[in-house]
Structures are given as C-alpha cells and as structure tokens.
Amino acid sequence: MNAFKAVTLLAGDSYLAEEKFQNILGEIKKKIPGEIPIQVFHLTETSLEPILTEARTLPFLAEAQIFRLKGAERLKKGDLEVLKNYLPSAFPSTFIFFEALSLEKKGGLADILASEGNVFFLDEGQKQVSGMHLIQEKLKNFGKTMSPLMQQELMEKMGEAPALLDSVLDQMIQYAGEEKEITEAAVESFAEKVGVPDGFELTNALTRQDAGESIRILKELLSENDQDVISLIGLLHWQFRRFWLARTLLEEGAPENLILKRCGIYPKQAPYFMRQVRRFTLKKLERAIEGLFQIDWKAKTGRTEGGAALEAWVCEITS
C-alpha cells in the first residue's frame, strides 16, 4: 500500500483520464485484496471539506477506498487551503483522484499535489498517436493503403472520437472491396453513398432539449446498426467536449473568434454552434461528458446495455 500515493491529479481529456485511472486501479488491486469501494463526487455540487473528512474513515470491512473528485479545476482558494491541511496527515488507505478536464500546469492545485502526490497531465497528443496507429494497423491488417495526406485528414476530422474513427475505417475498407488503395475519390464516393455514422441530428435535438425527438433519433440510429453504440458514444463525446471547451472559454471572457478557432469551427457554422453552446450550462456539459464516459466504459466491460444506458442519458440531458 505504501507504494501508492494517497492523492493523484489526472488533468486532461476524460477518456485519457479514465485509461490512466484504470491502470492505477489495477496496480492498487494487485496489492490490496478484496473489494475496494469507489465513490464519485462532483466538486460543482459537493464541497471539498466534508469529502476529506469522510476520507479519514474506511467503510466497514474495507481494506481501502477510492474517491474520484470530478471538476477539480473548479476548486476555490478556500478549498485549496483545506487540502493543504489534509495532505500532511492524509489517510493512507484512502486514495483520492482529483480529475480536471483542463488545468494550469503551474500554480494552484497542480503545485500542491506535486509535493504530496502524483500529477499526470494527459497529453492530447496521445490521441493523435493512438489514432494514427489505429489507422495504420487497420490498413495493414486488411491489406489496404491510403496516402499520408488522406490519413492526416481523417485524423483531423475524427481523431477526437476514436470509436467513431474505428467504425468509419471499417466501413471504408468494406466499401473499397477488392481495391488495394483507398483513394480520395473512393472516400468522397463512400461519403455520398454510405455516409459517416451520423449522430449530428441527435446532437441538434439534444441542444433543443427535445426529449421525444432525441429518443426517436437515437432508436433509429441504433436500429440501423446494433454494433454502432460505441461509435455513437464516441461522436457524442467529441461534440460535447467541443461544447464544453467553448462554454469554458466563453465564461472566461475569450473572444468568439478564439473560441471558434480552438474548437475547429468554420465561419459558416459559427452562429449555429455558438447558439448550441449557450443552451448548456458548464455544469450540465460536465455531467454529460462524465455520463458518456461511464456508459462507454460499462458497455465495453459488459456492465450495461449501451442502448438502454444512452436512452437514460438522453432523458437526463434533455430534462
């Protein structure tokens, strides 16, 4: 148990954070037998002080416990003082993970945890590397080729949604048939005749807070391809992650042109995109991203049926 720090910071994309968390959790479970209770707190809803008070007491019969604190970037100066007081005598059997979608690498929470725990800033570049690896391995396995420029364009369009990228590659390879090279012309023809797995209509209904229409579109999408749940989750995560980034920048007072550039939005799309962003609070976007992330993980590990979980998520987002 002494090999693990009591506090850990995971700063970056929720998918990368989950991957890192699961890796650390696996190492903890190798050292500590039995079930380890895991509690999740949203720091936009629960203050830090009572959480740290609870952290000093283990549940009955538990050897250890884990707290995941979402939205750590929202901690105030007073919270940081509370944390400083806790750290010198941190309860050794309670592992606390502070998780932030975005955080400065210097100052504040990062500096405090660097001296007493583990700090991981999850590089967005990891997605680019893993995405490119996925493209190249998939092409190799199916005996196909694609120009480096086409591969890069595909990454730029879908690198934020790995599951969607995987699904699109499968369809492109199938559409190519006996042809060895997937050319630009073949991709354009594919887009016209087959289409990319499309949840944008669903996103539009969600931003209108139209529960009935959102559920109708969701069921239609899932009925077309029973295996496309993970791809749809990936696309929704990519969309809501852009909404979250835009909303965060908006609340920080960033000019609209900077927001559009950071989110990769073309000028013609700008008015509609910004209207969508303004329809969500930052808190709701954070919960939406967390919800998608949990559905993705549980669906991949067989803990839930993805379609039903997505329906519940849609109802929550449109309520």
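This is a predicted model: local features need pLDDT of at least 70, side-chain atom pairs count only at pLDDT 80 or more; totals for chains, interfaces and linings use all residues.
Local features are taken where pLDDT is at least 70 and side-chain atom pairs where it is 80 or more, while totals for chains, interfaces and linings use all residues. Residues count from 1 along each chain as its sequence is written, and side-chain values use heavy atoms, with hydrogens and water left out.

**View 1. An open sheet of five parallel strands.** The order runs β2-β3-β4-β1-β5; strands are DSSP runs of E with at least two residues, helices runs of H or I with at least four, numbered from the N terminus. Two strands pair if DSSP finds at least two bridges between them. β2 (38-42) and β5 (118-121) each have a single partner strand, so one side of each lacks a neighbour in the sheet.

**View 2. Strand β1 beside β5.** Four bridges link β1 (residues 7-11) to β5 in the parallel sense. Look for L10, which sits opposite F120 in β5.

**View 3. The largest nonpolar core, with 40 residues.** Such a core is a set of buried Ala, Val, Leu, Ile, Met, Phe, Trp, Tyr and Cys residues joined through side-chain atoms within 4.5 Å; buried means under 20% relative accessible area (1.4 Å probe, protein chains only). L236, F240, F273, L310 and W313 touch the most other members. Helix α11 (229-251) is among the elements giving two or more residues, and its ten are the largest share.

**View 4. Around F240.** Setting aside neighbours within four places in sequence, F240 is in contact (heavy atoms within 4.5 Å) with L206, F280, L285, A288, I289, W313 and I317.

Notes
Buried means under 20% relative accessible area, exposed over 50%, partly exposed in between (1.4 Å probe, protein chains only).
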